[in-house]
Amino acid sequence: MTQPLKLYNTLSRRKELFEPLNPPYVGMYVCGPTVYNYVHLGNVRTFLTFDTLYRYLTFIGYKVRYVRNLTDVGHLVGDGDEGEDKIGRMAKLEKVEPMEIVQRFTNDFHTVMAQFNTIPPSIEPTATGHMVEQIEAVQTLLAKKLAYESNGSVYFDIETYNQQGGNYGKLSGRILDDLLNETRELDGQSEKRNPLDFAIWKRASPEHIMRWNSPWGEGFPGWHLECTCMSTKYLGKQFDIHGGGMDLKFPHHECEIAQGDGLTGHDPVRYWMHSNMLTVNGQKMSKSLGNSFLPAELFAGSHYLLEQAYSPMTVRFFMLQSHYRSTLDFSNDALKAAQKGYRRLANGLRVVKTMSYRPDESVSADMAKQEDIRKAVQQFYEAMNDDLNTAVAIAQVFTLLKYVNMLYLNQLQPAALGDDVFTLLKESFSTFMQDVLGLKEEGSDNQPVLEGLLTLYREYKEQRQYDKVDQIRSYFKAQGLAIKDMKHQIDWAYEE
C-alpha cells in the first residue's frame, strides 16, 4: 500500500497530508515572471518544480487547474513601493512601447519553458488584463478600513489588519515589532501611516509611462495585488496550492495572505510551497558576482564559467536530482555527471519503446527480480508522495533501467519476469520518466538520419571499407553518441 501524498507547507513549517478542498479538483497558483528581461535560472528551477508537481498530481488522478501569472506592470525596481516600474524603465532605455518589452520577453519565456519541456498552465493571466478586478479590490479594502488613501496612493494598513485578528508575518515567521525596529523611514514613505504598510495602488508620477484612471487619480496597482486578484478570480476565495521561489515568501506572499484575508475573511491558500535558491560553485548566483547565466548560455556553453554546452534535458535532470527545498549548486562536474545520467536514461527510454514480451515456457520465473521491480515502482510513488522527493524517485528509475538494460543485452529473458511484471517495468519506466519527471528523448527528430547511417555502417563494415566506418563512428561521437557493435546486433546509444 503506497503512502498518501504529503506536501511541506511553509505556513505550518511541516509536511501535511494533501487534502484538496474539492477532490478530485485541485487549484494551483504559481507566481510567474516579471517580463522585463530574460528569464533566469532561479525562475526556471521554480517553474520546473511546479511543472513536476502539476504532472504528478495529474498522473495520480487529480484534475488540476494550474494558474501562472505574467507580471507586466507594477513591479518596481527594488521590489518596494518607490521607484521606476521595471518594464517602464526598460521601455525608456530602448525607446519603445512598454508592451513591446512585455511581448518580447513573454515570447522568450515561453520558448525557454518549451525547451525545458514544461506543460503550459491552464490559465496565464496578466496584471494589465485585470485592472478592473484590482481597482475593485482596493475599493473593498478601503470600505473595510483595511486600507487608506494618501496623496493619490492607497496603502494596506497592517496595524489595523492585525487589530482585526490578522497576523502579518506568520508565513515568513517574522514578528511585527522586529520588522518595525528593522525598518528605516525612506524618502517617499512619509505618506504612509506605518513604514511597513504596502501599496495596493500607487499614484503615477509625471514621468511614469504605465498609468490607468482610478477613483484616486491616475496610477497603477501595487505589485502584490495582482496575484491576490487573479488567483481568487480563477481558483476561488480559497484554493489548494500557492507556489513560488523562496525569495517571494517575504514580503510578496506575506502581503498576499493579508490582502486575501482582508478581502474574504479567511486565509486564501491551504498549502504554501517554495522552491529554494541556486548557487554556483558554492556562491550565491548573482549578476554582481558575474556567476549568473541564462538558459541560452547553458545550452550554448557560452558563459566563461562553463566548460561545455549542456542540453535542456540535462539541466532539467540535474535540477530534479535535488529536492526542491534544498539549495542547488551549479558546477561543471555536477552538470557533466547529470549529462551522463540523463543519457543513460534517455537511451533506456529509446530501448524500452522497442521491447515486447515473448512467452517461453522453458524459462523459469525469477521471483527475486520480479519482486525487485515491484518494489522499485512502489518506492517511486513513495518518494514522490514524500513532498515530491524527485531525488529518491530518480534512484528508483535507475533501478528499473538496470532491468531494461539486462533485457536489451539478453542477460534476462522477458519470460523470467512474466507478462505482468514485464509490462509493469516497461510502462512504469516510460511513464515515470516522460509523464512525471518530464524527461524526453532529445535528438529524436534526427533519429531517421541516425538509423540511415547505421544501415550504411553495416554495409561498409561488410565491404571492409573501414575508413568510411570510422567516419560514421566520428559523426556519432560528435553527436554525443556511440555505435554499439555487438555480435548479433548493431545499435547506437548515448556515450557513457
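## Close-up views of a predicted model

**View 1. Helix α8 and its ends.** Helix α8, residues 249-264, contains 16 residues and reaches 21 Å from its first C-alpha to its last, close to the 22 Å expected at 1.5 Å a residue. The coordinates come from a predicted model. Buried residues in α8 include His-252, His-253, Glu-254, Cys-255 and Glu-256. Also buried in this helix are Ile-257, Ala-258, Gln-259, Gly-260, Asp-261 and Gly-262. After α8 comes Gly-265, with a positive phi near 95 degrees.

**View 2. The open sheet β5-β6-β7-β8.** This open sheet has 4 strands in the order β5-β6-β7-β8, and the pairing is antiparallel. Its edge strands, β5 (147-150) and β8 (219-221), each pair on one side only. From one strand to the next, the twist averages 20 degrees. Between β6 (residues 153-156) and β7 (residues 198-203), the antiparallel pairing covers 3 bridges. Phe-156 stands opposite Phe-198 of β7. Strands of a sheet pair through backbone hydrogen bonds, in a parallel or an antiparallel sense.

**View 3. Surroundings of Ile-200.** Ile-200 is a residue of strand β7. Because its relative accessible area is 0%, under the 20% limit, Ile-200 counts as buried. Leaving aside residues up to four places away in sequence, Ile-200 touches Val-138, Leu-141, Ala-147, Val-154, Tyr-155, Phe-156, Pro-221, Gly-222, Leu-225 and Gln-259. One of these, Gln-259, is a buried residue of helix α8. Thr-106 is 94 residues from Ile-200 in sequence, and the two C-alpha atoms are 24 Å apart in space.

**View 4. The parallel pair β3 and β4.** Strands β3 (residues 25-30) and β4 (residues 63-68) pair in the parallel sense over 6 bridges. Met-28 has Tyr-66 in β4 as its bridge partner. Helix α1 (residues 41-59) carries the chain from β3 to β4, and this β-α-β crossover is right-handed. In the loop between β2 (14-17) and β3 lies Pro-24. Pro-23 and Pro-24 are joined by a cis peptide bond with omega of about 10 degrees.

**View 5. The annotated segment 33-43.** An unreviewed UniProt entry lists residues 33-43 as "short sequence motif: 'HIGH' region". In the model, these residues are 27% helix and 0% strand.

**View 6. Two loop residues with positive phi.** Asn-117, in the loop between α3 (98-115) and α4 (131-143), has a positive phi near 60 degrees and is not a glycine. Asp-387 is found in the loop between α12 (367-385) and α13 (390-408). Its phi is also positive, at about 55 degrees, although Asp-387 is not a glycine. With a relative accessible area of 0%, Asp-387 is buried.

**View 7. The whole chain, for orientation.** The protein has 16 helices and 15 strands. Its C-alpha trace spans about 85 × 55 × 35 Å along the principal axes. Of its 496 residues, 51% count as buried. Among contacts with a separation of 6 or more, 73% link residues 24 or more positions apart.

Key:
Residues numbered from 1 in each chain as written. Predicted model: local features only at pLDDT ≥ 70, side-chain atom pairs only at ≥ 80, totals over all residues. Heavy atoms only, no water. Pairing = 2+ DSSP bridges. Axes fitted to C-alpha atoms, helices over the stretch in contact; angles between N-to-C directions. Expected span 1.5 Å × (residues − 1). Buried < 20%, exposed > 50% of the residue type's maximum accessible area, 1.4 Å probe, protein only. UniProt positions renumbered as here; feature names shortened; annotations may be inferred. Right-handed = clockwise from strand over helix to strand, strands pointing away. Contact = heavy atoms within 4.5 Å.
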